[in-house]
Amino acid sequence: MIALLVEAAIRSLALGLAVGVGLKLLQVRNPQVEMTAWATVLAAALAMPLLMQLVLLRLPGSMAVLPHAIMTGAGHQLPSVPVPHIHIHTHAPQSAVADWIGGLVGDWSWLDLVTITYGLVAAVLVLRLLTGLMVTWRIVREARPIRAEWTRGADVRVTACILAPVTFGRVILVPISFIGWSAPKRRAVMGHELSHIEHHDFTIQVLSQLHSAIFWFSPFAWWLQVRLAALAETTSDEAAIRNVGDRVRYAEILLDIAVGARGVPAGIAMARPALLRQRIEHILSQAAPVVALAPRGRMLLAASLLPAALLIGGTSWHAKAAGVPVMLAIPAIPAIPAIPAIPAIPAIPAIPAASRSDGPTRPFAILTGGHTMLSADGDDLKRLLSARDKVGSEAVLFLADGKLYGITDPIQVEQAADLFRPENDLADQERDVAEQQKELGHEQADLGRQQGDLGRKMGELSRRYSEKLASQAASAIKASASPDEEADAAQARDEMQQDYKQAMAELGQEQGELGREQGRLGAQQAKLGAQQEKLGREQSRVAHDGDVKLAKLLDAAVVNGTAKLVE
């Protein structure tokens, strides 16, 4: 069982890597598309032990193993098969302690101990999951239903056991403080939680936790659980923003709900602290609304990933020897000419993120042109957002010595915004480079498909050749041949072998050319990666210079009085 689970975890990791590389190459940014892809990977990972029982494809290594020669004349003999020596060691008990340990453990092997350890850990994790579900279900049963227009007909219940909204199955739990919520806050909460219900996020979360419990030894299982939770929150945040109509306002609501939030053992809480900062940054940095993916589109995307899951799960690497008579063997199949190695694609350097931590910076918000540029977190971020309506749509808000200042002078606001516009130009250049990398990725994928086709041709050619040899061997057994007939058969075999070698050499040459083209594209990818790295460093420098110049501008505004106290 352990071997089956380990192999299933490895195959699931291979599927996850394939999907992750595909999402990267296609530059996917829609959280619903990513959520659908990774949910499909989760379903395939849970079903992987069953998929492994379906042998849909056997690799060349799993072809029947045939003996070496037919014993019909001189020079033909069966190859010797090396048999490993088996050494059996016996040891007498060395001490009373050893006798005691031996009696305690008995005939247990290391595999037995590993199996018991796995079972104990998995049982604890599954028990924790079931306990959380039972405790939360009791909270749901004891909660009081709410009948109001703003619930939109959903099953909404109120309980004193939570401080933030939670979705459990198709039930939405809200805290007692909902009585004092404003209309926009209620719209945001309902939009967020109804999105969880629409996309079955609770079911996906439970399945991901079950997957982590079964495959607890696999880091990929834990990563997948965290990734699915983050994508579910991002998708629901976008649905809530569509209800509220203002990203900054929704960020304020989310921060307000997060204060003192406490969830339940099982369920999807609206303001989980572990994901809050990441969600706030996404909400404020996303300028355009995210396009919602229709259910039909999600189904088509999941169906498109099904062949990959079946291929990875149903591919067999295990060779099985074919049974042949002891005195019979078939001439050896000539080795397939080595395919020239495909040059390794140089790794693309990581793009350094623009950093604001190494210069004289202070919390600020620049409001201009309907956009908000923020550099703050925690309570500072909340203060800046809450003061937005007090200074108008064109202003600079900043904190100095614990005080909140505002600049509304149009010239100074424009000067502050100009300091960071070069970052946008660099970001556009990075997007252009990313598009070029995407096109190269498509070309590389096309070359990979061509290489796969050539590999299949080689396999088919080897299969036909082995069938012809087997047919000749069977004919030789059925009837005794004269020396002339044996000579003719040997000549026919030699000619067939020469044709086979020539065809394989030609296919190998084509593979080599494709490999060299892959290497050329890889070099271009590396060059674009270096360009991305250079743009990233330049963006970091521009951000640092902008922070330094902005600090001077803000200090001057405080001194000359153009910066007014807002609070």
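Is His200 buried, partly exposed or exposed, and why? I worked from a predicted model, in which His200 has a relative accessibility of 48%; because exposed means over 50% and buried under 20%, His200 counts as partly exposed.

I then looked up where His200 lies, and found it in the loop between helix H5 (183–198) and helix H6 (201–214). Its phi is near 55°, a positive value in a residue other than glycine. I noted this because most residues other than glycine have a negative phi.

My next entry concerns Gln27, for which I also read a phi near 55°, again positive although the residue is not glycine. Gln27 sits in the loop that runs between helix H1 (2–25) and helix H2 (31–51), and with a relative accessibility of 28% it counts as partly exposed.

For the helix pair I went back to H5 and asked how its axis is placed against that of helix H8 (residues 247–258). The two axes come within 10 Å and cross at roughly 80°; since angles of 65 to 115 degrees count as roughly perpendicular, H5 and H8 are roughly perpendicular to each other.

I listed the residues that meet there: Pro184, Lys185, Ala188, Val189 and His192 on the H5 side, and Tyr250, Ile253, Asp256 and Ile257 on the H8 side.

Terms used
Residues are numbered from 1 along each chain as its sequence is written. This is a predicted model: local features need pLDDT of at least 70, side-chain atom pairs count only at pLDDT 80 or more; totals for chains, interfaces and linings use all residues. Side-chain values use heavy atoms; hydrogens and water are left out. Helices (H or I, at least four residues) and strands (E, at least two) are DSSP runs, numbered from the N terminus. Buried means under 20% relative accessible area, exposed over 50%, partly exposed in between (1.4 Å probe, protein chains only). Axes are lines fitted to C-alpha atoms, for helices over the stretch in contact, and angles run from 0 to 180 degrees between N-to-C directions. Angles under 35 degrees count as roughly parallel, over 145 as roughly antiparallel, 65 to 115 as roughly perpendicular and the rest as oblique. Contact means heavy atoms within 4.5 Å.
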